[in-house]
Amino acid sequence: MLERVIVAAAVAIPLAVRPPPPRDFLAVDAHRHRVTITLIASYDDTNGGFNFDGYSRFLMWTVPRGWTVRVVCRNRGALRHSCAVVHGASSAKPAFRGASTPQPQIGLESGHTARFTFRATKKGVYRLTSLVPGDEGARLWDVLKIVRHGKPSVVDLRAQ
């Protein structure tokens, strides 16, 4: 009887599940010079649910200058979240024309998805973030690096 109780308790304990590899959230069409980045806000409970794809501030996406970037933004969380590409930590203005979900300060309702597309015209380091007040401070952001040449990629900065 005690064995069954121990087994039942062990099964009830949530296991620490790692998010999928970052590359699962990047699709590359090298022939057309296009990438699709999928950002799932509140993918899991990492960082209290303030994460994209189960990572919180640890992903770095790299895209060559001149490529077209399509972002698919899904909100899995109970709170509203958005997706945008901005210059820095305190910026609320998209770094590229069209580089945010609609009404990024209000965000998407739970279960909703929005898409946006922009052309990576300027080299530099940017943030992929939610512009809903409080989200950036809660570390709901990743890094986007636009480089002169190379291949699109995404890496977990903790694995470096």
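**Group meeting: a mixed sheet and an aromatic cluster**

Averaged over the protein chain, the pLDDT is 90, and 89% of the residues score at least 70, where pLDDT stands for the predictor's confidence in each residue on a scale from 0 to 100. This is a predicted model, in which local features need a pLDDT of at least 70 and side-chain atom pairs count only at pLDDT 80 or more, while totals for chains, interfaces and linings use all residues. Residues are numbered from 1 along each chain as its sequence is written, and side-chain values use heavy atoms, with hydrogens and water left out.

Five strands form an open sheet with mixed pairing, in the order β5-β7-β8-β3-β9; strands here are DSSP runs of E with at least two residues, numbered from the N terminus, and two of them pair if DSSP finds at least two bridges between them. At the edges stand β5 (84-86) and β9 (153-156), each of which pairs on one side only. Strand β3 (residues 59-64) and strand β8 (residues 141-147) pair in the parallel sense over five bridges, and Trp-61 stands opposite Leu-144 in β8.

Now to the rings, which pair if the centres of Phe, Tyr or Trp rings (for Trp, the six-membered one) lie within 6.5 Å, with planes under 30 degrees apart counted as stacked, over 60 as edge-to-face and the rest as tilted. By this rule the count comes to four aromatic pairs. Phe-96 and Phe-118 are stacked, at 5.0 Å centre to centre and with 20 degrees between the planes, and this pair links distant parts of the chain, since Phe-96 is in the loop between β5 and β6 (113-119) and Phe-118 in strand β6, 22 residues apart. Phe-96 and Tyr-126 form a tilted pair, again 5.0 Å centre to centre, with 55 degrees between the planes. Tyr-126 lies in strand β7 (residues 124-129), so this pair ties together parts that are 30 residues apart in sequence.

Is Phe-96 buried or exposed? Phe-96 counts as buried because its relative accessibility is 5%, buried meaning under 20% relative accessible area, exposed over 50% and partly exposed in between, with a 1.4 Å probe and protein chains only. Tyr-126 is buried too, at 4%.

Ring pairs link Phe-96, Phe-116, Phe-118 and Tyr-126 into a cluster.

Technical notes
Helices (H or I, at least four residues) and strands (E, at least two) are DSSP runs, numbered from the N terminus.
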